[in-house]
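I opened this notebook to keep track of what I looked up, one item at a time. The entries follow the order in which I checked things.

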Amino acid sequence: MKASKLAYKPVGLALGAASGMLAGAVFKQAWKIVEGKGDAPDATDEDRAWKQILLAAAIQGAIFAVVKASVDRSGAVAVRRLTGTWPG
């Protein structure tokens, strides 16, 4: 394993945790726009319809994927600017 890739591991882990928190906050706001009230349903919410549960899961998955990719890519670009090598 290249040294730059190994050195990036802790940075990648920290960015992953940060992106998860950011994506969670973005999803909560997006769900308020979609639903207009309350929290997003869990898969085991008995009082929620399948449509609501699957819609929430789809929106959450899309937001998490976009935020994670954006944060990972930004981190890699920053490492390249600082070190001159791509961490991947």
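Entry 1: The model I am reading is predicted. Phe-27 and Trp-31 both belong to helix α1, where four residues, about one turn of the helix, separate them. I then asked how many aromatic pairs the structure holds. The count is one. Phe-27 and Trp-31 form that pair, with 6.4 Å from centre to centre and 40° between the planes, and it is listed as tilted. I noted the reason for the label: planes under 30 degrees apart count as stacked and over 60 as edge-to-face, so the rest are tilted.

**Entry 2: Ala-30.** I stayed in helix α1, which covers residues 3-35 and includes Ala-30. Is Ala-30 buried or exposed? Its relative accessible area is 18%, and the cut-off for buried is under 20%, so Ala-30 counts as buried. Next I wrote down what Ala-30 touches, leaving out residues up to four places away in sequence: Ile-59 and Ile-63. I also looked up the distance from Ala-30 to Ala-56. The two are 26 residues apart in sequence, and their C-alpha atoms are 9.6 Å apart in space.

**Entry 3: a salt bridge.** I asked which residue forms a salt bridge with Lys-68. The partner is Asp-72, and the closest N and O atoms are 2.6 Å apart. The structure holds one salt bridge. Both residues are in helix α2, residues 50-83, and because they are four residues apart there, about one helical turn separates them. Lys-68 has 44% relative accessibility, so it counts as partly exposed. Asp-72 has 26% and therefore also counts as partly exposed.

**Entry 4: the largest pocket.** I finished with empty space. Rolling a probe the size of a water molecule over the atoms shows where such space is left. The largest pocket has a volume of about 220 Å³. It is lined by 15 residues, and the closest to its centre are Phe-27, Lys-28, Asp-39, Ala-40 and Pro-41. Which helix gives the most to the lining of the largest pocket? I found that α1 does, with five residues. Helices α1 and α2 each supply at least two residues of this lining. By type, I recorded eight nonpolar, three polar and four charged residues in the lining.

How values were computed. Residues are numbered from 1 along each chain as its sequence is written. This is a predicted model: local features need pLDDT of at least 70, side-chain atom pairs count only at pLDDT 80 or more; totals for chains, interfaces and linings use all residues. Side-chain values use heavy atoms; hydrogens and water are left out. Buried means under 20% relative accessible area, exposed over 50%, partly exposed in between (1.4 Å probe, protein chains only). Contact means heavy atoms within 4.5 Å. Rings of Phe, Tyr and Trp (its six-membered ring) pair if their centres lie within 6.5 Å; planes under 30 degrees apart count as stacked, over 60 as edge-to-face and the rest as tilted. A salt bridge is a side-chain nitrogen of Lys or Arg within 4 Å of a carboxyl oxygen of Asp or Glu. On a 1 Å grid over the protein atoms alone, a cavity is a set of points where a 1.4 Å probe fits but cannot get out, and a pocket is an open set with protein on both sides within 12 Å along at least five of seven lines; lining residues have an atom within 4 Å of a point. Grid points are joined across faces, edges and corners, and a volume is the space filled by probe spheres set on the points. Ala, Val, Leu, Ile, Met, Phe, Trp, Tyr, Cys and Pro count as nonpolar, Asp, Glu, Lys and Arg as charged, and the others, Gly among them, as polar.
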